[in-house]
Amino acid sequence: MRPLQHLPNNMSTTSVSTVLSGISAANERLRASANNIANLNTEDYRRERVEAQTREDGGVRTTVTKLPEPGADLAADVVDQEASAYTFIANLKVLQTQVRAEGALLDIHV
């Protein structure tokens, strides 16, 4: 996959922004679940929860909150990590596909 700084100039900034916001949201979920697991045995630790909302421009906005009550939920955090990793990879694949499609359009010779 080509680095982002080498994206074709005509690539839709909205679609790239949407994909990047999805990657960022997945990263935030990974970070929060890793933090929750790291603090599994910390007394009175309140787990972090990441909520995602759709933005008007089609992207994703995340909000991190602390749960009101302390307590660990290792199973939920491991599942969050797995789901976040798959979401991260899926968004990267979308970006890769878009870069290839845009590149193919630019390679058409008349």
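The points below go through a hairpin, a helix residue and a loop residue.

1. First, the ground rules. This is a predicted model, in which local features need pLDDT of at least 70, side-chain atom pairs count only at pLDDT 80 or more, and totals for chains, interfaces and linings use all residues. Residues are numbered from 1 along each chain as its sequence is written, and side-chain values use heavy atoms, with hydrogens and water left out.

2. Do look at the hairpin. Strands β1 (residues 48-54) and β2 (residues 60-66) run antiparallel and are joined by 7 bridges; pairing takes at least two DSSP bridges between two strands. Helices (H or I, at least four residues) and strands (E, at least two) are DSSP runs, numbered from the N terminus. Glutamate 51 has threonine 63 of β2 as its bridge partner. Between the strands lie 5 residues, and glycine 58 in this hairpin has a positive phi near 100°.

3. Next, asparagine 36, which sits in helix α1 (residues 13-38). Asparagine 36 counts as buried because its relative accessibility is 3%, where buried means under 20% relative accessible area, exposed over 50% and partly exposed in between (1.4 Å probe, protein chains only). Beyond its neighbours within four places in sequence, asparagine 36 is in contact (heavy atoms within 4.5 Å) with Tyr45, Arg47, Glu48 and Asp77.

4. Finally, aspartate 44, found in the loop between α1 and β1. Its phi is positive, near 65°, in a residue other than glycine. With a relative accessible area of 60%, aspartate 44 is exposed.
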